[in-house]
Amino acid sequence: MKTAVIQFPGSNCDGDALHAARLTLDPDAQFVWHTEAGLPTGTELVFVPGGFSYGDHLRSGAIAARSPIMEAVKAHAERGGFVLGVCNGFQVLTEAGLLPGALGRNRDLHFSCKPVHLRVENNATAFTSAYAKGQTIEIPIAHGEGNYYADAETVARLEGEGRVVFRYLDNPNGSLNDIAGIVNERGNVLGMMPHPERAVEALLGGEDGRGVFQSLQGALVK
């Protein structure tokens, strides 16, 4: 699956994202700088990585969401292309309007960096088909603003449409309904706060994140 990893000033998980993509999806995965107007020809997955784009000024992801490359990312998503936003990438996707809701300060106002347990709520998506429904996985988090919230109508719609795909078992940040990851209505855009790219090989402490990338590879085959 031809993969482009977006880089913003302040991204610090872009190297992790590129390594995971090259290991699991595309040995030729490449970086795309935020000032570019378009994606590489044939791009199938856009990976918006974690970090602190623009130093989290204004709001996390707010400035990055208005970078030139994001118009191409939006067009890619509208064509049905896959988009994966992790941590700051999730924040960017909400700020860009590709996913509903927003991410606020953690409940305890502290940065949290640790492994957490998630439950796979929906395994019928392009990002989760390699998992079993209800499966518990361990994925690391590293964020200070991972508290997902949205209005009651939006949350009810996400729940009713099965668009909450990952849920915290021990909520580390105060997210409504323990939400850890959601997809858009079409199912081709995933935003999640935990870092699957940091859990793709035993050397890093676990491989539970590999399922996200295996699922994408399977979705392409289909």
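Residues 24 or more positions apart supply 74% of the contacts in the protein chain that have a separation of 6 or more. Contact here means heavy atoms within 4.5 Å. This is a predicted model: local features need pLDDT of at least 70, side-chain atom pairs count only at pLDDT 80 or more, and totals for chains, interfaces and linings use all residues. Residues are numbered from 1 along each chain as its sequence is written, and side-chain values use heavy atoms, with hydrogens and water left out.

The protein chain holds 5 helices and 11 strands. These are DSSP runs, numbered from the N terminus: helices are H or I with at least four residues, strands are E with at least two. The radius of gyration, taken over C-alpha atoms, is 15 Å. The C-alpha trace spans about 40 × 40 × 35 Å along its principal axes.

Buried residues make up 55% of the 222. Buried means under 20% relative accessible area, exposed over 50%, and partly exposed in between (1.4 Å probe, protein chains only). As for charge, the chain carries 18 positive and 25 negative side chains. Lys and Arg count as positive, Asp and Glu as negative; His and the chain ends are not counted. The centres of the two sets lie 3 Å apart, with each charge placed at NZ of Lys, CZ of Arg, CG of Asp or CD of Glu.

Now to the loop between β3 (45-48) and α2 (69-78), where Asp56 lies. Leu58 sits in the loop between β3 and α2 as well. Most residues other than glycine have a negative phi. Asp56 has a positive phi of about 60°. Phi of Leu58 is near 65°, also positive. Asp56 counts as partly exposed because its relative accessibility is 22%. Leu58, at 72%, counts as exposed.

Lys133 belongs to another part of the chain, the loop between β6 (112-120) and β7 (136-143). Its C-alpha atom is separated from that of Asp56 by 35 Å, and the two residues are 77 apart along the chain. With 61% relative accessibility, Lys133 counts as exposed. What does Lys133 contact, leaving aside its neighbours within four places in sequence? Val120, Glu121 and Asn123. The side chain of Lys133 reaches the backbone oxygen of Glu121 at 2.6 Å.

Methods: Polar contact = N/O pair within 3.5 Å; in protein donor to acceptor, adjacent residues only side chain to side chain. Rg over C-alpha atoms; globule rule 2.2 N^0.38 Å.
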